[in-house]
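Thanks, everyone, for making time this morning.

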Amino acid sequence: MTKPTFTACGKNKLILVAGAGGFIGGALVRYLKDKGFTRIRAVDRKPLPEWYQRIAGVECLSLDLSKEASCTRAVEDAVEVYNLAADMGGMGFIERFRVMCLRSILINTHLLEAAYRAGVERYFYASSACAYNTKLQDDPHCRALKETDAYPAYAERGYGWEKLMSEMFCQEYTAERGMRTAIARFHNVYGPWGTWDGGREKAPAAMCRKVIEAREKGLDTLEIWGDGSQGRSFMYIDDCVLGIDKIMHCNELVATPINLGTSEMISINELATLAEELGGVKLKREFVLDAPKGVAGRNSDNTMIKRVLNWEPSIPIREGLKTTYQWIEGQYRDRKAGRKTVKDLL
Ligand code: NAD
């Protein structure tokens with residue numbers, strides 16, 4: 001195994017995080033701040049009070065990055081850009097709102113061009129496992145997906161195709177124009193400070209909320225989308241931000257899409273059992289067979305990330321879900337008591 005080489009960014013250089021009012025962007029800003037970066041610009045379309053996290057000492061701007069002028073403003077003086085901005089959500093959202101998902105291509109297209117014009121040194125793009133060929137995912141126990149499985153292309157309609165096209169934009173900006181881009185294909189990220197209700201939440205947060213709700217309201221059923229046999233791997237947010245940092249600065253991974261996920265696949269039924277254990281309840285399962293359920297099975301093949309980075313996300317779902325459950329329970333109780341559920345740290 002050859003050792004990877006990394007090019008670090010100076011702590012006083014300006015870093016832009018796009019989508020910073022969301023789950024992963026917010027966590028990344030916190031991570032970079034804790035690491036000692038002094039000039040972070042956080043941008044999101046949402047009005048500031050709606051951001052999941054706002055970190056003291058960070059420049060926070062509310063801008064719509066699907067517009068060219070906003071991107072030009074956002075990248076001013078930036079040396080590194082992390083693009084975590086997209087219209088996205090769990091299966092319920094991405095199966096229903098394909099146009100909205102596809103329109104996120106405007107964000108990456110304008111931001112990439114603006115970054116190139118501004119002389120940005122490194123650009124990160126948050127891709128997804130939804131970019132993979134869905135025909136390879138029609139069995140709950142199908143083999144894990146490796147990076148080459150994106151082609152021949154048969155991505156998730158809407159959301160997945162947007163990811164695949166935006167990956168290509170990044171790769172060509174490197175090949176033709178010399179800007180260093182980094183592309184990670186995330187597999188189901190979860191953790192505190194993520195969406196936990198309202199229709200955009202993903203399975204781990206939804207499962208925790210449903211169990212908490214059942215406990216609070218004295219219900220004895222748990223609704224599961226599909227028959228619960230769908231297989232997935234889930235990556236805790238701390239592994240995700242660390243992986244983003246590693247991939248962004250690894251010289252061997254320029255313009256090279258790479259899986260960022262755990263290879264611990266569990267079924268949705270097993271996820272439900274974990275959430276029940278955390279809540280100390282056993283509920284009757286109600287399977288909604290015509291609900292959006294996505295592909296039958298999807299897991300991350302981590303051969304490449306282990307080979308190149310000598311690292312892979314490893315926080316077990318049992319551990320990460322506990323923290324997530326406790327956080328959602330706190331949010332649920334705050335909301336019930338009429339308190340704000342979006343923490344404003346400024
Ligand atoms: P999120 O919805 O919590 O955050 C995305 C943020 O982008 C939101 O705050 C939203 O307001 C912002 N945004 C949307 N349109 C914008 C625009 N035009 N201008 C500026 N901001 C805009 O989602 P997340 O889970 O943090 O995901 C971050 C990135 O990672 C996305 O690109 C997503 O597709 C990708 N991803 C996430 C997961 C996951 O499991 N969470 C999995 C695969 C890929």
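Let me begin with how the elements are named: helices (H or I, at least four residues) and strands (E, at least two) are DSSP runs, numbered from the N terminus. What you see is a predicted model, in which local features need pLDDT of at least 70 and side-chain atom pairs count only at pLDDT 80 or more, while totals for chains, interfaces and linings use all residues. Residues are numbered from 1 along each chain as its sequence is written, and side-chain values use heavy atoms, with hydrogens and water left out.

With that in place, please find E201, which sits in the loop between strand 7 (189–190) and helix 7 (203–217). Is E201 buried or exposed? With a relative accessible area of 14%, E201 is buried, where buried means under 20% relative accessible area, exposed over 50%, and partly exposed in between (1.4 Å probe, protein chains only). If we leave aside neighbours within four places in sequence, E201 is in contact with G90, T195, W196, A206 and R209, contact meaning heavy atoms within 4.5 Å.

One of those partners deserves a second look. E201 forms a salt bridge with R209, and the closest N and O atoms are 2.7 Å apart; by salt bridge I mean a side-chain nitrogen of Lys or Arg within 4 Å of a carboxyl oxygen of Asp or Glu. Both E201 and R209 are buried. The side chain of E201 also reaches the backbone nitrogen of G199, at 2.7 Å.

How many salt bridges does the structure hold? There are 24, and among them is the one between the side chains of R298 and E156, at 3.3 Å from N to O. This pair links distant parts of the chain, 142 residues apart, since R298 is in the loop between strand 13 (284–288) and helix 10 (303–309), and E156 is in the loop between strand 5 and helix 6. R298 counts as buried because its relative accessibility is 6%, and E156 counts as buried at 11%.

The salt bridge between K306 and E312 has its closest N and O atoms 3.9 Å apart. Here K306 counts as partly exposed at 38% relative accessibility, and E312 likewise counts as partly exposed, at 23%. Elsewhere, salt bridges that share partners join R41, E59, R73 and E76 into one network.

Now to the ligand. Which residues come closest to it? The ligand is surrounded by 27 residues, of which I24, D44, D64, Y159 and V189 are the closest; a residue counts as near if one of its heavy atoms lies within 4 Å of the molecule. A polar side-chain atom of D44 lies 2.7 Å from an oxygen atom of the ligand, and an N or O atom in the side chain of D64 is 2.8 Å from a nitrogen atom of the ligand. For Y159, an N or O atom of the side chain is 2.5 Å from a ligand oxygen atom. Two or more residues of the shell around the ligand come from each of helix 1 (23–34), strand 5 (122–128) and helix 6, and the largest share, 3 residues, is that of strand 5.

Note on methods. A polar contact is a pair of N or O atoms within 3.5 Å; within protein, one must be able to donate a hydrogen and the other to accept it, and residues adjacent in sequence count only if both atoms are side-chain atoms.
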